Amino acid sequence: MTDVSAPFRFRPATPGDVPAIVALVESAYRGDASRQGWTTEADMLDGQRTDPAGVAEIVAKSDGLVLLAEDDSGILACAQIETVAGDEGATAGYFGMFSVRPAQQGAGVGRAVLAEAERIARGRGCTEMQMTVISIRDELIAWYERRGYRRTGRYKPFPYGDERFGIPKRDDLRFELLVKPL
């Protein structure tokens, strides 16, 4: 883990950032490189986590953005922020594609990115932040719970058979919706 004592800055991603974002997301979740951090999904999934076409689509959305945290060494972290319909007609922010460079995990970058994403969502009139997390990711869900997110008990199936999201090593994967009032 590298200490994040040097300042980093936030900016929205551009289409030119897509290859670096894909590389970051893959390094944080898949393969041996991801095992340097604690967010790895390598024991649950093989294959890719995302691809250039999928990231380019997210970067191009008019109702969202991909937030980047970077310093002089490059991109440290990214997160998707999108405006979506919340419960009971509320406007919600959707938080996704959250990735921190494995060597930076545990150094405060993720906390700062999450706080900035929540600030942006509030500025867009969102009254809650939503995300989906693989329901068996207990350590990751606990991290979000310590930051005010709550489990809803509402699930979405994992896209088995769609290798764009990985090749499952288990048959019990599903996503749970987590929500935090803003």
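This is a predicted model: local features need pLDDT of at least 70, side-chain atom pairs count only at pLDDT 80 or more; totals for chains, interfaces and linings use all residues.

Author: Residues are numbered from 1 along each chain as its sequence is written, and side-chain values use heavy atoms, with hydrogens and water left out.

Now to arginine 30, which sits in the loop between helix H1 (18–29) and strand E2 (45–46). Helices (H or I, at least four residues) and strands (E, at least two) are DSSP runs, numbered from the N terminus. Is arginine 30 buried or exposed? Arginine 30 is buried, at a relative accessible area of 7%; buried means under 20%, exposed over 50%, and partly exposed in between, with a 1.4 Å probe and protein chains only. Set aside the neighbours within four places in sequence, and arginine 30 still touches Glu41, Leu45, Asp46, Gly47, Gln48, Arg49, Phe165 and Gly166. Take arginine 49 from that list: 19 residues separate it from arginine 30 in sequence, yet C-alpha to C-alpha they are 6.9 Å apart.

Zooming out, the protein has four helices and nine strands, and along the sequence they run β-α-β-α-β-β-β-α-β-α-β-β-β. The radius of gyration is 16 Å, close to the 16 Å that the globule rule gives for 182 residues, so the protein is as compact as a globular protein of that length. That radius is taken over C-alpha atoms, and the rule is 2.2 Å times the number of residues to the power 0.38. The C-alpha atoms fill a box of roughly 40 × 40 × 30 Å along the principal axes, and 48% of the 182 residues count as buried.

Methionine 97 has a positive phi of about 50° although it is not a glycine, and it is buried, with a relative accessible area of 11%.

How far to trust it all? Mean pLDDT (the predictor's confidence in each residue, from 0 to 100) is 90, and 97% of the residues reach 70 or more. Over residues 1–5, though, pLDDT stays under 50, and the model has eleven contacts beyond four places in sequence for that stretch.

Key. Contact means heavy atoms within 4.5 Å.
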